[in-house]
Amino acid sequence: MPNRSGRWKYIRKLAWTRDSQARAVCWICGEPIDYSVPPSTTPDSYEPDHVIAVNKDASRELDLNNIRASHR
């Protein structure tokens, strides 16, 4: 099994694939996300965001259902 960092990279990639295919908008502001640029590179680029913050419930950190599309 990959280490924690490796698992996060895997979950992050799954979330990006899911959200980019759906053309998901930012769950915070409702505006479109620029999926034509690499994640986390511009203010309008994709950033996976935890709905329930990890500091509130660490068990949800790697839960794909706890991650939504947002802007960087």
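Which residue forms a salt bridge with Asp19, and how far apart are the closest N and O atoms? Asp19 pairs with Arg18, and the closest N and O atoms are 2.9 Å apart; a salt bridge here is a side-chain nitrogen of Lys or Arg within 4 Å of a carboxyl oxygen of Asp or Glu. Please keep in mind that this is a predicted model, where local features need pLDDT of at least 70, side-chain atom pairs count only at pLDDT 80 or more, and totals for chains, interfaces and linings use all residues. Residues are numbered from 1 along each chain as its sequence is written, and side-chain values use heavy atoms, with hydrogens and water left out.

**Salt bridges**

- The structure holds 3 salt bridges, and one of them joins Arg12 and Glu47, with the closest N and O atoms 3.7 Å apart.
- That pair links distant parts of the chain, since Arg12 is in helix α1 and Glu47 is in strand β1, 35 residues apart; helices (H or I, at least four residues) and strands (E, at least two) are DSSP runs, numbered from the N terminus.
- Arg12 is partly exposed at 22% relative accessibility, and Glu47 is partly exposed at 22%; the classes are buried (under 20% relative accessible area), exposed (over 50%) and partly exposed in between, with a 1.4 Å probe and protein chains only.
- In the bridge between Asp19 and Arg18, Asp19 is buried at 6% relative accessibility, whereas Arg18 is partly exposed at 30%.
- Arg60 and Asp63 also meet through their side chains in a salt bridge, at 2.9 Å from N to O.
- Arg60 counts as partly exposed at 23% relative accessibility, and Asp63 counts as partly exposed at 22%.

**Nonpolar core**

- The largest nonpolar core has 9 residues: Ile11, Ala15, Ala24, Cys26, Ile33, Tyr35, Tyr46, Ile67 and Ala69.
- A nonpolar core is a set of buried Ala, Val, Leu, Ile, Met, Phe, Trp, Tyr and Cys residues joined through side-chain atoms within 4.5 Å.
- At least two residues of the largest nonpolar core come from each of α1 and β2 (67-71).
- Ala15 is in contact (heavy atoms within 4.5 Å) with Tyr46, Leu64 and Ile67, leaving aside its neighbours within four places in sequence.
- In soluble globular proteins, nonpolar side chains tend to be buried together.

**Aromatic residues**

- A search of the whole structure finds 1 aromatic pair.
- The rings of Tyr35 and Tyr46 have centres 5.9 Å apart and planes at 35°, so the pair is tilted.
- For such pairs, rings of Phe, Tyr and Trp (its six-membered ring) must have centres within 6.5 Å; planes under 30 degrees apart count as stacked, over 60 as edge-to-face and the rest as tilted.
- Tyr35 sits in the loop between α1 (4-22) and β1 (46-50) and Tyr46 in strand β1, so their pairing ties together parts that are 11 residues apart in sequence.
- Tyr35 and Tyr46 are buried.
- Trp16, in helix α1, is partly exposed with a relative accessible area of 28%.
- Not counting residues up to four places away in sequence, Trp16 touches Tyr35, Pro39 and Tyr46.

**Surface patch**

- Trp27, Ile28, Val51 and Ile52 form a nonpolar patch on the surface, with about 330 Å² of accessible area together.
- Trp27 is in the loop between α1 and β1 and is partly exposed, with a relative accessible area of 34%.

**Loops and backbone**

- Asn66, in the loop between β1 and β2, is buried with a relative accessible area of 1%.
- Leaving out residues up to four places away in sequence, Asn66 touches Asp49, His50, Val51, Ile52 and Arg60.
- Arg23 is not a glycine, yet has a positive phi of about 55°; Arg23 lies in the loop between α1 and β1 and is exposed at 53% relative accessibility.
- Ser40, a residue other than glycine, has a positive phi near 60°; Ser40 lies in the loop between α1 and β1 and is partly exposed at 23% relative accessibility.

How values were computed. Patches are made of residues with over 30% relative accessible area and no salt bridge: like charges are joined within 9 Å, nonpolar side chains (Val, Leu, Ile, Met, Phe, Trp, Tyr) within 5 Å. Accessible areas come from the Shrake-Rupley method with a 1.4 Å probe; for residues, only the protein chains shown count as cover.
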